[in-house]
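Please go through the model below one element at a time, with the sequence alongside.

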Amino acid sequence: IVTEDPYFDIRPRVSDKTLKPLYLRRPFLLLGSCYTLSWLRDQGFRTFDKWWDESYDSCQDHQERFETVYRIAEYVNSLSLSDCKQMLQEMKPVLEHNAEHLNTFKKTTYANLLS
């Protein structure tokens, strides 16, 4: 779970906390302000809506968004090791795309993401 500040802001923002799993080719749940996943997709990154419901991204109720992310985390935690390995294998094209996209991302855009 990636937690972004400010959680209660109306503008989506990402920091190195979000960029790190992109770079390391790891799936993540994003607990940040609403529409942050949508913003990432608009920037050309791919997310994990094939494997879990990401509708929480548009939820403007902060408590409900938190609880939904928590339920998804519980679901992932309930999977067997074999199921997790299979899911990770299925995610490989998305994870590779994100890492490559991050590496080719314009430096000015990358710098703006961290500010």
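In this predicted model, the buried residues of helix H1 (residues 16-23) are Thr18, Leu19, Pro21 and Leu22. Their directions from the axis fall within an arc of only 160 degrees, which places them on the same side of H1.

One of the buried residues of H1 is a proline, at position 21. The relative accessible area of proline 21 is 11%, which makes it buried because the cut-off for that class is under 20%. Apart from neighbours within four places in sequence, proline 21 has contacts with Val2, Arg26 and Phe28. Isoleucine 1 lies 20 residues away from proline 21 in sequence, and the C-alpha atoms of the two are 9.9 Å apart.

Just after H1 comes arginine 25, with a positive phi of about 60 degrees. Arginine 25 sits in the loop between H1 and S2. Its relative accessible area of 31% makes arginine 25 partly exposed. A second residue with a positive phi is tyrosine 35, at about 75 degrees, and it is not a glycine either. Tyrosine 35 belongs to the loop between S2 and helix H2 (36-42). With a relative accessibility of 34%, tyrosine 35 is also classed as partly exposed.

Strand S2 (30-31) leads on to helix H3, as S2 is part of what covers the buried residues of H3. Those buried residues are Arg65, Thr68, Val69 and Ile72. They span an arc of only 95 degrees around the axis, and therefore lie on the same side of H3. On the face turned away from that buried side, H3 carries the exposed residues Asn77 and Ser78.

The length of H3 can be checked against a simple expectation. Its 17 residues, at 1.5 Å a residue, should span 24 Å, and the end C-alpha atoms are 24 Å apart, so the two values agree. At the start of H3, the backbone nitrogen of glutamine 63 has a side-chain oxygen of aspartate 61 within 3.1 Å.

How many helices and strands does the chain have? There are five helices and two strands, and from the N terminus on their order is β-α-β-α-α-α-α. The radius of gyration is 14 Å, close to the 13 Å given by the globule rule for 115 residues, so the chain is as compact as a globular protein of that length. Along the principal axes, the C-alpha atoms fill a box of roughly 40 × 35 × 20 Å. Of the 115 residues, 38% are buried. Among contacts with a separation of 6 or more, 61% join residues 24 or more positions apart.

The mean pLDDT is 90, and 91% of the residues reach 70 or more. Where pLDDT is low, the predicted coordinates should not be read in detail.

Notes
Residues are numbered from 1 along each chain as its sequence is written. This is a predicted model: local features need pLDDT of at least 70, side-chain atom pairs count only at pLDDT 80 or more; totals for chains, interfaces and linings use all residues. Side-chain values use heavy atoms; hydrogens and water are left out. pLDDT is the predictor's confidence in each residue, from 0 to 100. Helices (H or I, at least four residues) and strands (E, at least two) are DSSP runs, numbered from the N terminus. The expected span of a helix is 1.5 Å times one less than its number of residues. Buried means under 20% relative accessible area, exposed over 50%, partly exposed in between (1.4 Å probe, protein chains only). The arc is that of the directions from the helix axis to the C-beta atoms. Contact means heavy atoms within 4.5 Å. A polar contact is a pair of N or O atoms within 3.5 Å; within protein, one must be able to donate a hydrogen and the other to accept it, and residues adjacent in sequence count only if both atoms are side-chain atoms. The radius of gyration is taken over C-alpha atoms; the globule rule is 2.2 Å times the number of residues to the power 0.38.
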